[in-house]
Amino acid sequence: MVLADDATPVLLIRGLTREQRHWGEFKTLLSAALPNPVLSFDFAGTGQLYQQRSPGSISGLRQSVRQQWQQAPQYNGRVHLLAISLGAMLAADWAAQYPHEVASVTLINCSAKPLSPFYRRLCWRNYPAILRSAVVGAAQREQIILQLTSARPAEHTDIVASWQLWQQQRPVSKSNALRQLWAASRFVVTPAPQCPTLLFSSLGDTLVSPQCSADLARYWQVAHIQHPWAGHDLALDDAPWLVAQYQQQLAAIRQAGR
């Protein structure tokens with residue numbers, strides 16, 4: 001039996017300087033695994049909206065995604081939010097400001113102040129690489145990003161060419177990248193979502209400490225699942241695992257709604 005919740009779309013939101021194409025095979029696998037429509041949008045300054053100016057606040061970035069959602073053909077007033085890193089901050093803000101619109105929230109490798117100190121929200125060992133990525137060319141920058149976000153970059157070397165091509169097609173300006181980073185640095189923890197909420201973190205995440213997700217889960221009193229080895233980009237490092245876990249999450253939500 002197909003339940004009404006099966007018609008509620010799942011919206012994927014990526015992180016800092018990333019666009020919807022960076023979901024890669026994860027979106028394809030998730031679409032095949034779920035009866036729900038699976039959507040993704042870019043926020044201002046990235047992807048299809050790369051020519052727009054990125055807002056310097058999480059609420060502004062969130063609103064650029066929310067407006068697209070409200071104009072989508074699949075719009076039915078409610079949405080499951082599945083988001084990573086900076087995108088997770090947008091999702092948390094969305095759930096706090098418009099709780100009647102959000103059917104569930106699932107956040108991957110998120111962080112928030114004052115729960116976690118700055119050196120965990122952006123691990124200090126990466127500061128030199130992050131600074132270097134700001135001054136090198138686009139091709140080298142994408143290689144640095146892979147090293148920062150994957151626990152097994154050698155397994156994903158073929159994807160760098162695609163990332164480099166996307167950056168050429170829809171370049172994220174340095175000013176937009178800085179505004180997004182500024183927005184992320186100012187994000188303050190929101191009240192716990194009023195809907196089913198699940199947090200994922202990656203034990204091999206060397207960009208944002210997995211302790212940040214643990215801190216947030218403890219503060220919100222929600223479930224937290226940790227991947228044993230993946231890096232910051234969990235959807236890249238182990239897409240099948242994440243799909244299976246999320247499929248279970250939506251099944252539990254449907255079962256609870258019977």
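1. Gln180 belongs to helix H8. Helices (H or I, at least four residues) and strands (E, at least two) are DSSP runs, numbered from the N terminus. Setting aside residues up to four places away in sequence, Gln180 touches Leu16, Thr17, Phe43, Ala44, Gly45, Thr46, Ser54, Leu86 and Val172. Contact means heavy atoms within 4.5 Å.

2. A word on the model before going further. This is a predicted model, where local features need pLDDT of at least 70 and side-chain atom pairs count only at pLDDT 80 or more, while totals for chains, interfaces and linings use all residues. Residues are numbered from 1 along each chain as its sequence is written, and side-chain values use heavy atoms, with hydrogens and water left out.

3. Thr17, one of the residues touched by Gln180, deserves a look of its own. Its phi is near 60°, a positive value in a residue other than glycine. Thr17 sits in the loop between S1 and H1 and is buried, with a relative accessible area of 18%. Gln221 also has a phi near 60°, again positive in a residue other than glycine. Gln221 lies in the loop between H9 and strand S6 (223-227) and is exposed, at 67% relative accessible area.

4. Now to the charges. The structure holds eight salt bridges, a salt bridge being a side-chain nitrogen of Lys or Arg within 4 Å of a carboxyl oxygen of Asp or Glu. One of them joins the side chains of Arg254 and Asp6, at 3.2 Å from N to O. Arg254 lies in helix H11 (residues 239-256) and Asp6 in the segment before strand S1 (10-13), so this pair ties together parts that are 248 residues apart in sequence. Both Arg254 and Asp6 are buried.

5. Arg170 and Glu19 form another salt bridge, with their closest N and O atoms 3.2 Å apart. This pair also links distant parts of the chain: Arg170 is in the loop between helix H7 (159-169) and helix H8 (174-185), Glu19 is in the loop between S1 and helix H1 (25-33), and the two are 151 residues apart. Arg170 is partly exposed at 21% relative accessibility, whereas Glu19 is buried at 4%.

6. Asp215 and Arg218 also meet in a salt bridge, at 3.4 Å from N to O. They are three residues apart in helix H9 (residues 211-220), which means that about one helical turn separates them. Asp215 is buried, with a relative accessible area of 10%, while Arg218 is exposed at 51% relative accessibility. Elsewhere, salt bridges that share partners join Glu19, Arg21 and Arg170 into one network.

7. Arg141 is worth checking on your screen. Found in helix H6 (residues 138-149), Arg141 is buried yet has no salt bridge, and the nearest side chain of opposite charge, Glu142, is 5.3 Å away. For charge, Lys and Arg count as positive and Asp and Glu as negative, with His and the chain ends not counted. The side chain of Arg141 does reach the backbone oxygen of Val136, at 3.1 Å. Leaving aside neighbours within four places in sequence, Arg141 is in contact with Ser133, Val136, Gln167 and Lys174.

8. On to the rings. The whole structure has four aromatic pairs. Rings of Phe, Tyr and Trp (its six-membered ring) pair if their centres lie within 6.5 Å; planes under 30 degrees apart count as stacked, over 60 as edge-to-face and the rest as tilted. Trp23 and Phe26 form a tilted pair, 5.5 Å centre to centre with 35° between the planes. Trp23 is buried at 1% relative accessibility, and Phe26 is buried at 0%.

9. Two arginines lie over tryptophan rings. A charge sits over a ring if NZ of Lys or CZ of Arg is within 6 Å of the ring centre and within 35 degrees of the ring normal. Arg18 lies over the face of Trp163, 5.3 Å from the ring centre, and the charged end of Arg152 sits over the ring of Trp229, 3.6 Å from its centre.

10. Last, a backbone detail: Lys113 and Pro114 are joined by a cis peptide bond, with omega about 5°. Pro114 is in the loop between strand S4 (102-108) and helix H4 (118-121).

Terms used
Buried means under 20% relative accessible area, exposed over 50%, partly exposed in between (1.4 Å probe, protein chains only). A polar contact is a pair of N or O atoms within 3.5 Å; within protein, one must be able to donate a hydrogen and the other to accept it, and residues adjacent in sequence count only if both atoms are side-chain atoms.
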